[in-house]
Amino acid sequence: MLQRTNNMSPSSPSAWRTPTLILVCGCIILTLSMGIRHTGGLFLQPMTGALGWNREVFSFAFAIQNLVWGLGSPFAGAFADRYGAGRVIVASALLYAVGLALMAVSSTGLALDLSAGVLVGLGLSGTTFAVIMGVIGRHTTPEKRSLALGIASAGGSFGQFAVLPIGQALISSFGWQAALFLLACGVGLIAPLAYAMADGHKHASGAGQSAGAALVEAGGQRSFHYLFWSYFVCGFQTAFIMLHLPSFAVDSGFSANVGMTGIALIGLFNIFGSFLFGWAGGKGSKKNLLMLIYGARVVVIGAFMLAPLSVASIWIFSACMGLLWLATVPLTNGLIAQVFGLRFMSMLAGIVFLGHQLGSFLGAWLGGMIFDKTGSYDLAWLLSIGLSVIAAILCWPIDERPVQRAEPKPAGA
Amino acid sequence: MARHWRWFFWGVGAALAAALLVLIFLGYQAPELLLDLANLRYCG
C-alpha cells in the first residue's frame, strides 16, 4: 500500500516495520488516545456528585489538561525528533494511564488538577497528532504522505466518535471509578503499539540541522506563523461548537436528543472529512484546501445563523461542520513536512498545535462568557465567522515551496 | 487472490464498517448519554 521513503532509512533493520504497519498502529494509537480523552466530560456528574465538588473544580482540571496538552506538544515532538517517537509514546502512554488511575482515587481538587490535568495532558502530548503524524510523515513518500496523514487523522476522528458511548456504557455498568481504571488499561494498549513507531528519525531529510536552527528557521518564515494562527482559529471554532452546541440546542427549545445527534453527526462526518481532505491534499495545493475549509466554515456558520432554526438545520450544520472538523489536521501537518522537511516535523507540528490549543481554550471560555454576559451565543457565532475569514486570508500567502537551505560545506573546504 | 474475491472481501469489509458506524451512531441515542448531556459540555 505505502512505500518506504527514499530519503531515509529505518534505524532498525527489521523488515516487519513497514509503512503500512506504522500507519495502522498510528491510527489505533490515535483512536485510543483521542477517544479516551474525549470521554473525560462524562465523569463530571458522577465525580462531582460522589465527591461533593462543584462543576468549576472539574472544569478547571480539564482546562489545565487542554493547556498542558498544547504546551507539552512541542517538547514531546522535540523529544520524539531527538530520541525517537517510540520512547516518547511509551512514556506518554504511561503518564496518561497513571493520570487516569490517579483520577479515579482523587479526593481533592488539587489531586484532580495534577492527575486529570497535568498527567493526562502530558500523556496526550506524546500520544496524539504531533508525534504520531511525524512518524507517519517520515515513513511515507511525498505523494502518499497527505493521504496517510488523512487516514491517521480519520483514526483520531473515529476514536472521538466511537469511544464516547463506550465510556458511558462502562460508567453505567461498572461505576465511574472502575470505568477510569478500565480506560487506563485501554491507554496501556498504546505501549506495545509504540514498538512499531520507533522510527529512524536521525536519517530523515534535514539531518544536518539542529533543533534550535530548525526553530529559528521556522520562526523566520511567515508561512509558519500563518499556519499557527489559522490553526488557532480551528481550535477556537471546534472547542466552541463542541462545548456549546448541545446547550445551544436545548436553550433554543429542542430536546437533548437533538443536540446529542448533532454531536454524533459531527463525529461521523469528521471521519470522512479527515480522510477526504487528506486525500485531496496529495492531489492539489494544501494551502488552497485550507482556505477552502475556513471559507466553507464561514458559509456553513453564516447559513446556520441566517436560516430558521430547526432540527434539520442543526443536523445539516453538524454534518457540514463534521466534514470540515479535523480536515485541517492532515493539511497543516502535511504543509509543515512539505515546507520544513521531516527531521523536526514533530516539534514544529507540536508548536503549531499549541496555537490550536490556545484557540480551544479561548473558544470554550469565551463562548460561555459571551452567553453569560449577553444571554445568547450570537456574538460568539459572529466571532467564529470573523476569525474564519481571517484564517482563510492568512492561508492565502503561505509559501508551499520547501525552504532553501545552504548546502553543508565539505570537510576541508 | 482472484479479482472478484478481492472485490467481495472489500465489499464485506465496507459493509461491516458501515454497520459499525451505524451501531455507534445509535449508541449516541442511549438514555444514559442523553441524561448526561450536561457532561458532554466538558468533552470538547
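Helix α12(A) goes past helix α14(A) in a right-handed crossing, where right-handed means that the near helix is turned clockwise from the far one by less than a right angle, and left-handed means anticlockwise. This is a predicted model, so local features need pLDDT of at least 70, side-chain atom pairs count only at pLDDT 80 or more, and totals for chains, interfaces and linings use all residues. Residues are numbered from 1 along each chain as its sequence is written, while chains are lettered from A and ligands numbered from 1 in the order in which they are written.

**The α12/α14 pair**
- α12 covers residues 256-281 and α14 covers residues 311-324; their axes come within 6 Å and cross at roughly 30° (axes are lines fitted to C-alpha atoms over the stretch in contact, with angles from 0 to 180 degrees between N-to-C directions).
- The contact includes A:Leu265 and A:Phe269 of α12(A), plus A:Trp315 and A:Leu324 of α14(A); two residues are in contact if their C-beta atoms, placed from the backbone, lie within 7 Å.
- By class, this contact has 13 nonpolar, seven polar and no charged residues (Ala, Val, Leu, Ile, Met, Phe, Trp, Tyr, Cys and Pro are nonpolar, Asp, Glu, Lys and Arg charged, the others, Gly among them, polar).

**The α6/α7 pair**
- Helix α6 (residues 129-138) and helix α7 (residues 142-174) of chain A pack at about 145°, with their axes 10 Å apart.
- Their crossing is right-handed.
- Among the residues that meet are A:Phe129 and A:Ile132 in α6(A), and A:Arg145 and A:Ala148 in α7(A).

**Zooming in on A:Ser384**
- You'll find A:Ser384 in helix α17, residues 378-395 of chain A.
- A:Ser384 counts as buried because it has 25 C-beta neighbours inside 10 Å (20 or more is buried, 12 or fewer exposed, in between partly exposed; C-beta atoms are placed from the backbone).
- Leaving out residues up to four places away in sequence, A:Ser384 touches A:Phe236, A:Gln237, A:Phe240 and A:Ile301.

**The whole chain**
- Chain A has 17 helices and zero strands (DSSP runs numbered from the N terminus: H or I of at least four residues, E of at least two).
- Of its 413 residues, 59% count as buried.
- The C-alpha trace of chain A spans about 75 × 45 × 35 Å along its principal axes.
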